[in-house]
Every structure is written in structure tokens, then in C-alpha cells.
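Dear colleague,

I am handing over the structure below, followed by an account of what was found in it. Please read the account with the model open beside you.

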2 protein chains.
Amino acid sequence: MPTAPADKTPRDCTIADALEVVGDRWSLLVVRELFYAERRFTEIARNTGAPRDVLTTRLRKLVDHGVIARKQYSEHPPRYEYRLTDAGRALAPVLLTLKRWGHEHVRNGPDPVLFDHTCGHEFIAEVHCTACGDPLDRGQLNLRPRPQ
Amino acid sequence: MPTAPADKTPRDCTIADALEVVGDRWSLLVVRELFYAERRFTEIARNTGAPRDVLTTRLRKLVDHGVIARKQYSEHPPRYEYRLTDAGRALAPVLLTLKRWGHEHVRNGPDPVLFDHTCGHEFIAEVHCTACGDPLDRGQLNLRPRPQ
DNA sequence: AGGACTCAGTTTGAAATCACAACCCACTGG
DNA sequence: CCAGTGGGTTGTGATTTCAAACTGAGTCCT
């Protein structure tokens, strides 16, 4: 247990920071759609299932946090599209690890959509240590709370 | 765009399946606490910031989905603790990739908690292709929708 | 024995969010 | 002219969330 704060404030945590941006019910599904190269409001609404008004506020929030960008692609009539920024594309590892976990621990039945890696095989995410390159195995991590 | 359903049903998707289990505001923070080896209701409530009644229903849901297990560890008085199951521990890659994304794209300032790998360095998650072992780079994935 | 305290919740009532449908405006196509 | 599309906005209830108070079994202090 790294830091058990004495008062009642929640733990200071980078994971919580990330979830404040993409931790609601729809945001990661929106990012997924943009990964799938959908760009238009109506398509995103249909494919995620998010209500249109909720989707409007989520898209604005994601724009504000720099995860996606909104661009006008037609002046008459005014039409807009949404695209991932670099920060948004950097969520790929999160989606890919979620996809693997969902496949192995939630879904029964085959994956409806697969990713193919340029190596020629289906891409299945595996997390490695950046420093030594080894894959993560159980019991290999130790917590180090930063002093103060 | 792999499958754009003609009707208004959302896309059939493993990521959505995963998010239905751990995609709400508190579940992944609960899992984080259990990774940090907290086990007791009150500690989880304090460290996540979740209201106690919401936490109660989230814990039940996670138990129902097999992510955590509830065990009585004292009979008099009755006391319970929560622990990760194997399925819950399998969420480590999700938390670690979220942590990295939060650090690089949300938080400004140093990480309050670090993970040390047994190799001796700080553990920073990097996603690799299980098949070929190469790290994921941009533009290396192609979508393959499963027919029907 | 009395009183304070802990843990794991449950209850309460207000506040915020959500879902759903309808509406709007600027076009386009027939 | 009329219907349809894209990208929303508005209005109305239903649902969920929240913070704080309360419970109840049991322990600790004195």
C-alpha cells in the first residue's frame, strides 16, 4: 500500500487523471470509432449507441482535452468531422489491452473485428517493460511511492 | 470502417463488452486499489473517493462478473475483504497503459506512484505484438471485420 | 459497566446526469 | 415543391449519483 492518505481525499494517481478524461461511459467508444476511421457525428452516434445530446457534450470534452479535433470539411452546408490527435492515437494501447481482456474474460464467442499486424498475424496486445523489453509476468512489479 | 450496421444497433465489439464490466466511473479505480493491496471496504472508499452506496453496488457487480472475490476473514465481528481474481489481475495491462497515457497526455508533474520492474528499472508499459514480438508503431494495424 | 470507536454497509433526500423524442436550420436531390 | 441528410439543440421525465446521517455487531479503554 503505497500511500494511504490520512484524510478523506482520494489517492493522487495518474490512472485517475486518465480516467477523468476517458473514463466515462462513451469516450473510449468514441475513440474506438475514430480508430475505425469513422469521422461523422451521425456515424459515431449510431455505432456507439450514445444519445446525440450526450455525444455532443462528450465530443466537446474530448476536444477540450486535446484527444480529438473538430474540423469543418464543408462550408455550404456547414459540415464537421472529428479526428484523433496524436494524444488520441496514443490511446491505442489502452483499447488494444481492453480488447484482449474483453475477449479472454468477458465475451464468449469470436471477435467480430480483428486487427492484423504488418507481420502478417492477428495483433494481440502484450505489455512489455520499455526498459528491458521483457513481457510482463505476474509478480514482477513492486510499488514505489514517491516520497511526499 | 469494418462494419457499419444498417440499423440503429451499436457495433458488436469486444471493447464495448469489456467496458460494460469495467467502464464506469469507479470500477477501474477499485481494481487499482486491489492492485495496491488494499482489501477493505473503507480503505477502497477513501482512496477512490467513491460514495459508499455506489461502491457497494460496484463491488457486487465486479464480484458477479468474476473480477474480484469477496471473502469473510473474521467471523466475530463479521469482516469481509475483496481480492482480485485471475480475471481481475489480467486487467494489469489496461491499468498500466492507462497510467502511461495519463502521465504523457494528462498529468503535468511527476507520477506519485511508480512501478519498479524486477529488471531494476521503472516499469513503463509498451504494447507488443504477441505473434512477432515487435513493439506497436503507428500505422501497423489493419482492420479485418469477421464476415457476418 | 459505560462510552468511544471500527467496519461494512444501508437509508435518505437533494442534485446531477441520462435517455428519448421532437425540433431546427442549411442545404441537396428528384 | 417535397423528402431526406447532417449536425446538432431543446424539453421532459426517469435514472443515477452524491454526501451525510444512521445502523448494528463487535472491540477497546478505563
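This is a predicted model: local features need pLDDT of at least 70, side-chain atom pairs count only at pLDDT 80 or more; totals for chains, interfaces and linings use all residues.

Residues are numbered from 1 along each chain as its sequence is written, and chains are lettered from A and ligands numbered from 1 in the order in which they are written.

How the two protein chains are related

In general, two copies of a chain are related by a rotation about an axis and a shift along it.

Where they meet

With contact taken to mean that the C-beta atoms of two residues, placed from the backbone, lie within 7 Å, the contact takes 80 residues from chain B and 79 residues from chain A. On the chain B side, helix 6 gives the most, with 13 residues; helices (H or I, at least four residues) and strands (E, at least two) are DSSP runs, numbered from the N terminus. The side of chain B that touches chain A divides into 42 nonpolar, 17 polar and 21 charged residues, where Ala, Val, Leu, Ile, Met, Phe, Trp, Tyr, Cys and Pro count as nonpolar, Asp, Glu, Lys and Arg as charged, and the others, Gly among them, as polar. Of the interface residues of chain B, 99% are also interface residues in chain A, so the copies meet through the same surface.

One part of this contact is formed by helix 1 (residues 14–22) of chain A and helix 6 (residues 92–105) of chain B, which pack at an angle of about 80° with their axes 8 Å apart. The axes are lines fitted to C-alpha atoms, for helices over the stretch in contact, and angles run from 0 to 180 degrees between N-to-C directions. These two helices are therefore roughly perpendicular to each other, a term for angles of 65 to 115 degrees, whereas those under 35 count as roughly parallel, those over 145 as roughly antiparallel and the rest as oblique. Among the residues that meet here are A:Ile15 and A:Leu19 from helix 1 of chain A, and B:Leu98 and B:Trp101 from helix 6 of chain B.

Strands also cross between the chains: strand 5 (residues 141–145) of chain A and strand 3 of chain B run antiparallel and are joined by five bridges, pairing being counted if DSSP finds at least two bridges between two strands. In this pair, A:Pro145 stands opposite B:Val113.

The DNA strands

A residue is near a strand if its C-beta atom, placed from the backbone, lies within 6 Å of it. Around DNA strand C there are 16 residues, of which A:His76, B:Arg40, B:Phe41, B:Asp53 and B:Thr56 come nearest, and this surface divides into five nonpolar, three polar and eight charged residues. Around DNA strand D there are 18, with A:Arg40, A:Phe41, A:Asp53, A:Thr56 and B:Pro77 nearest.

Two backbone details

A:His76 and A:Pro77 are joined by a cis peptide bond, with omega about 0°. A:Ala37, in the loop between helix 2 (27–35) and helix 3 of chain A, has phi near 75°, a positive value in a residue other than glycine.

With best regards
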